[in-house]
Structure formats: C-alpha cells, structure tokens
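Please examine the structure shown here together with its sequence. The explanation that follows may be read alongside both.

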Amino acid sequence: MGTDLQALYRLMLRSRRFEEAVTKLWEAGKISGEMHLGVGEEGVVAGVVAHLRDGDAMALDHRGTPPLVMRGVDLALLLKEFLGRSDGLCKGMGGHMHLFSAQHLAASSGIVGSSGPLATGFAMAAQYLHPGNISVAFFGDGASNQGMLLESFNLASAWQLPLIFVCKDNTWAIATQSPKVTGGDITDRARSFGLEAAEVDGSDVEAVYAAAGHLIERARDGDGPSFLLAHCPRLEGHYLGDPLRRANMMELAGPLMTAFVAQPGASVAERAYSLGTLLSLVGKTTVEKNWRRHDPLDKARRKLQSQKSGLDALEKEIEAEIRLALETAMMEA
Amino acid sequence: MAEGKKIRTMSFAGAIEDALGQAMASDNRIVIFGEDVHGLRMNLFVRFGEKRVRPTPISESAFLGAAVGAAMAGLKPVVEIMMVDFLGVAMDALLNEAAKLEAFSGGKWKAPMVVRAACGGGYGDGGQHEQSLWGWLAHIPGLAVVAPSTPADAGSLMLTALQHDGPVVYLEHKLLSNYWLEYLGSGGRTTVSYDIPLEGANGPVPDTWEALPLGRAVTRREGSDITLVSVAVGVHRCLEAAAALEKESVSTGVIDLRSISPLDRKTICEAVSKSKRLLIVDEDYRDFGLSGEVAAILLEAGLTFKYGRVCTEGTIPYSRNLEDAALPSTGRIIEAARKLL
C-alpha cells in the first residue's frame with residue numbers, strides 16, 4: 001500500500017469517522033455497556049498498522065476498534081457486532097471489548113495488560129511457523145504496570161521473538177493519573193529487559209510510521225523484539241460518558257463538604273490535599289476535551305493543506321463508505 | 001436487621017460507604033486501596049486522607065498480594081479489585097497466600113482483609129466484566145465470600161467482613177450499586193434501561209451499623225410448597241417469581257444466603273425438610289458450583305427432595321437479548337419451579 005502522509009491520514013480518518021458513527025449509536029442506546037474509543041490514538045495505530053501484512057498478528061486491548069478498522073475488517077460486521085446482532089463479527093457474543101478476527105490474526109481483551117502475553121504467543125508461532133512474520137501488542141501506560149506485561153517483555157527478549165510492544169501513553173490509568181502510580185520510566189524499563197526501545201510523538205503519524213518501520217524491519221529480520229512508546233491524547237475520556245468528564249461539582253459539593261468536616265478523620269491539611277487532588281482529576285479531563293492541538297488528524301490535515309481538493313474527495317468517499325456500512329448493518333435483520 | 005427505631009433509608013452503595021465511614025472512624029488500621037479509589041471513594045478520601053484511601057496502579061497481583069502482607073503486619077485493608085473478573089489476574093494472592101496463611105501457620109497467624117469487588121451482569125458489558133464467580137472463590141478453603149442483596153445487609157456485611165479475622169471477598173452486584181451501573185452501563189444516557197431490583201437498590205438501614213454473624217442466611221419469604229435459594233440480585237428475581245407463583249396458589253419460600261462461604265446449612269435444611277422441593281437460583285456458573293453444593297449438603301443431611309436449578313450456563317454474551325436469556329430471570333425461575341410442583 002502507499003505509505004505517504006495521505007495514505008496514513010486516510011487510515012486515521014476512516015477510523016475516526018467510524019468511531020463517530022459508533023458514538024451516535026451508543027448515545028442512542030443501540031450499543032450497550034461501556035464504549036472505549038481510540039479517538040486520539042489513531043496516529044499511533046495507523047503508523048504501526050500501515051506496516052503490517054498478511055500473516056502478521058495483533059493483540060489488542062479494550063480499544064480494539066481502530067486497529068481492526070485500519071486492518072480492513074468489514075465495517076458493517078463490526079457495527080453489527082456492536083449492535084449485538086447474531087450476524088455480527090463475533091455473533092453478538094463479544095461486543096467492542098472482545099473483538100476477534102481469526103482471518104486477521106487479531107484478538108482483543110478487556111483485561112488490562114493481557115495483550116502482552118498474547119502477542120508473545122503470536123510471535124512464538126511466527127518465529128516457528130512463518131519466519132518473517134511479526135506480532136504487535138497494543139496497550140497503554142496503565143497496562144505498563146501489569147506484571148504479565150513486564151513478564152512478556154522478558155520472555156520476548158529471552159527468546160528473541162519477532163514482536164513489537166506498542167505503548168499508547170495517554171498519561172491515564174483509567175481514572176487515575178499514571179505518573180501518580182508509576183515508578184521510574186516505562187521506556188527505561190523496556191530497555192532494561194533488553195528490548196530495543198524508542199519514544200515518539202504519537203500525534204505525529206509520520207514520526208510513528210518511521211519509528212515503527214525500523215522496529216518492525218528488525219523483527220522481520222530476526223533481530224528481536226522492541227518497544228515503542230508513543231505519547232498521545234485521550235480525547236474522549238476513558239470511555240464514552242466518562243463520569244470524570246460529567247462530574248457536576250455543584251452536586252458533589254454537598255457530600256464532599258460533609259466529608260470534609262466529619263469527625264474523626266484526617267487533619268485539615270490532609271483533607272484539603274484530597275479536595276485539591278479531586279479538583280485536579282476533574283480539571284485534567286475537562287482540559288483534555290479541548291486538546292485538539294494534539295489531535296493526530298488535525299496535525300496531518302495541516303500538513304496536507306496544499307492538497308485540499310484531494311482531502312475533500314477523501315472525506316466524501318469515507319463518509320459514503322460509512323453511510324453504506326450503517327445502512328447495511330441497520331437493514332438486515 | 002433493623003427493627004424498632006426510626007427508619008432512615010439509603011442506596012445500596014450509600015450504605016456500604018456509610019458503614020465503611022463508621023468503621024474507619026473507629027479503627028484507624030482500616031485502609032482502602034485499589035484501582036481508581038480517589039474518584040470512586042471520594043468522600044472517604046476527603047474525610048480520611050491519602051494515607052488511608054490510596055489509588056493503585058493497574059497491578060492487581062501486586063496490590064492484592066500487598067494487602068495480604070499488610071493484613072499480616074497489622075493493617076486491615078479493604079482492597080478494591082474493581083470487577084471480580086479481574087481477580088483472575090491476581091489469583092495467587094487469594095488462592096495460595098491469603099487463604100492458606102491460617103492453616104499453614106497452625107492457626108497462629110491470620111490475614112484480616114476485605115477484598116471488595118463489583119460483580120454480576122444485566123447491562124450488556126460482556127463476559128469479561130459481568131461474572132459472579134462467588135462459587136469459584138468459595139471453593140477455596142480459607143476464604144469467606146459474601147454478597148448482600150439489600151442496603152441494610154450491604155452495610156452490615158461490610159462490618160462483618162471487617163470484623164472477621166481472615167480474608168473475606170465482599171461482592172457488590174452492579175445492578176444494586178447505582179454508581180457502577182451508571183459508570184459501566186448508562187454512562188449518563190437516558191436511552192438505555194435495566195431491570196433493577198428496586199428494593200435491593202434502595203431501602204431502610206439501621207441508624208448505627210452492626211455486624212451480622214458471618215454465614216447466616218435470611219428467609220425473605222415463608223412458603224411451604226417450594227423453597228427458592230439464591231443470593232444477591234437472584235434473591236429479588238426469586239421474590240418476583242414467588243409473588244407470581246402465589247397467584248397459582250403455590251406457597252413459595254425464598255432464602256437469601258447472603259454468605260456463600262460459610263454456607264448456612266441449617267436454614268436451608270430446615271426449609272427444604274418442610275417443602276421437599278428446592279430450586280437454586282445462581283447467577284454464577286451452573287457446573288461445579290453453588291447450585292450443586294447446596295444439593296450435596298442436603299443429601300448429606302439425609303433429606304429427600306425434588307431439585308432444580310436456574311444458573312448461568314456459559315460465557316455471558318455481550319448482546320442484551322442473548323444476555324437476558326443467559327442470566328437467571330424471573331421467567332426462567334417460574335418455569336423451573338412449575339416443573340418441580
């Protein structure tokens with residue numbers, strides 16, 4: 001496939017527009033439960049997935065939609081799955097957190113960190129059965145504190161597996177700020193296990209593409225596993241309807257003030273620190289809502305300004321594709 | 001049970017928080033830690049400070065294991081694992097450490113800790129976030145497992161768990177705990193709805209919390225023709241079924257186990273020895289679990305009775321329709337009960 005910026009932008013835009021359609025269905029109550037979007041991390045996913053070919057494997061986390069969309073899974077099949085239909089990708093059994101496509105060697109899990117061991121196994125199979133093929137694990141900075149992920153770093157390194165660990169660092173571990181619960185530096189950790197490691201601005205899809213290309217090439221050549229940390233924004237909170245984003249301080253104020261004065265308890269200073277911590281949690285999510293300067297699509301679009309007519313055509317083409325997928329998914333019963 | 005005094009009411013979640021507040025105020029060894037507890041337990045965080053309400057990384061095996069050590073060394077941890085499903089990541093801490101300590105030390109060392117986790121389905125989140133797993137946990141000697149069905153029991157059983165001298169898994173069903181259902185189900189939407197047992201989600205609570213004895217079931221409804229035994233949300237489904245069966249002149253008793261381990265054999269045996277018919281309603285998996293265990297203890301007691309069970313039989317589907325069919329429902333209970341009559 002083409003690998004210029006426009007091609008990467010196309011991957012990202014399809015994913016973004018698709019997840020926007022998913023958002024509308026979720027808001028209308030047609031999709032149940034949680035909905036974790038990959039909005040904001042498309043630059044990381046596109047920069048990696050653009051290098052994959054048939055036979056390469058992906059282990060995904062709870063934000064599995066963008067990698068599957070970019071890998072070419074049928075959009076209507078995905079939509080039907082989200083709608084809980086028996087003709088969906090997984091017959092309505094999995095939903096967005098548990099998406100599987102054997103054809104694409106792509107598997108997801110809602111258990112944080114579990115993509116590490118899974119990708120390690122995919123890489124074992126590739127090393128043994130199909131040298132030259134590779135596997136990728138997608139996960140976040142939150143998952144980087146899971147034992148099973150760190151154990152996978154070691155296993156992949158000890159066995160020199162063809163595997164790339166891709167950490168989408170959005171600075172959050174669900175509703176806890178990652179730096180508050182993370183010791184040391186995640187990239188240093190990876191290096192200390194003997195992984196080739198790189199850091200990149202995940203909102204710059206070209207930078208991700210270049211960095212991932214080098215690491216994937218190494219893996220295909222049998223030169224061992226690697227780690228790529230890509231900084232990216234979390235534009236839609238942990239999931240749609242994130243309570244931190246909806247926090248109504250007027251509603252919370254009453255119980256919090258009651259708690260602030262209840263006796264016995266901590267010192268006034270400790271209580272004030274707690275209140276400050278809560279305000280900063282809510283404040284950070286509110287700021288991130290408007291973090292469009294870190295949006296990988298906006299960045300790419302700015303660089304592509306000179307090709308305005310091409311962008312308009314692309315936009316129309318993708319809108320039409322998604323409209324068709326929606327019609328297909330809603331139509332057949 | 002609350003009796004006599006003027007009645008205050010609370011939500012299920014509010015009762016747990018209120019009881020925890022009362023306990024933490026009287027015992028400063030109680031500490032809460034787990035995923036996202038600053039946001040989840042913000043009122044307790046403000047009152048008791050960071051030292052006692054501490055968020056963890058997503059490192060279940062480390063912080064659950066740390067809870068065992070902390071308990072052994074003098075703290076009383078209430079360790080939050082978010083969803084009971086995530087215990088899979090950290091089973092060593094429960095299975096081979098917490099549960100074994102008392103036996104291995106010849107009874108000389110104990111780990112008084114509460115593992116708090118949300119459980120249960122009914123909101124379309126799929127089979128990695130909606131399991132019950134109480135039977136799976138209760139299988140392990142050395143672990144106590146409780147799952148309340150009303151606000152009054154939710155608060156009282158939290159005190160029970162805190163006063164117990166060993167590890168207790170405290171399960172909070174998401175259809176009863178309004179904030180969990182709001183966070184994981186509706187997410188602020190008004191376009192979705194759930195079959196919430198109203199008397200489980202809100203209800204009367206005592207003015208001051210007192211611990212219930214551990215392992216004591218309660219008869220929610222007397223009945224002579226058939227005994228329904230359940231726990232958590234299943235109790236409310238049974239009560240609905242019992243009301244429907246009454247219209248068919250079937251006198252239906254309902255027992256709320258409250259504690260899966262230890263199991264209140266006496267209450268179950270007494271009821272079934274009279275009704276001679278037992279239907280277990282268990283949201284946990286059918287095979288090798290609570291439903292078979294209850295049958296076994298009755299047989300061991302020498303009782304003869306007709307037996308049926310309504311359980312979750314396979315992986316819980318994501319699709320709301322498929323999920324509704326998979327989880328024990330009032331309709332399935334009525335149908336199964338009729339077969340025993």
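Predicted model: local features only at pLDDT ≥ 70, side-chain atom pairs only at ≥ 80, totals over all residues.

The size of an interface is often given as the accessible area lost when the parts come together. Between chain A and chain B, about 4,000 Å² is buried, and carbon and sulfur atoms give 60% of this area. In chain A, the residues that lose the most area to chain B are Ser32(A), Met93(A) and Ile111(A), which together make up 13% of what that side buries. The contact involves 54 residues of chain A and 46 residues of chain B.

Two salt bridges are counted between chain A and chain B. Arg246(A) forms a salt bridge with Glu182(B), with the closest N and O atoms 3.0 Å apart. On the side of chain A that touches chain B, the elements giving two or more residues are helices H1 (5–27), H4 (75–82), H9 (243–246), H10 (249–261) and H11 (268–289) of chain A. H11(A) provides the largest share, eight residues. By class, this side of chain A has 27 nonpolar, 19 polar and eight charged residues.

Within chain A, helix H2 (residues 42–49) is largely enclosed by the rest of the structure, because eight of its eight residues are buried. Among them are Glu42(A), Gly43(A) and Val49(A). Leu25(A), in helix H1 of chain A, is also buried, with a relative accessible area of 8%. Beyond its neighbours within four places in sequence, Leu25(A) is in contact with Lys30(A), Ile31(A), Leu79(A), Leu83(A), Leu326(A) and Met330(A).

In chain B, the domain assignment gives domain 1 (9–204) and domain 2 (218–340). The C-alpha centres of these domains of chain B lie 25 Å apart, and their contact takes 34 residues from domain 1 and 24 residues from domain 2. The area buried between the two domains of chain B is about 2,300 Å², with carbon and sulfur atoms giving 53%. Gly124(B), Trp134(B) and Ser149(B) supply 22% of the area that domain 1 of chain B buries against domain 2, more than any other three residues.

Three salt bridges are found across this domain interface of chain B. Arg237(B) forms a salt bridge with Asp195(B), the closest N and O atoms being 3.5 Å apart.

Methods: Residues numbered from 1 in each chain as written. Chains lettered and ligands numbered in written order. Heavy atoms only, no water. Contact = heavy atoms within 4.5 Å. Buried area = accessible area lost by both parts, 1.4 Å probe. Salt bridge = Lys/Arg side-chain N within 4 Å of Asp/Glu carboxyl O. Helix = DSSP H or I, 4+ residues; strand = E, 2+ residues; numbered from the N terminus. Nonpolar A, V, L, I, M, F, W, Y, C, P; charged D, E, K, R; others polar. Buried < 20%, exposed > 50% of the residue type's maximum accessible area, 1.4 Å probe, protein only. Domains from an automatic or database assignment.
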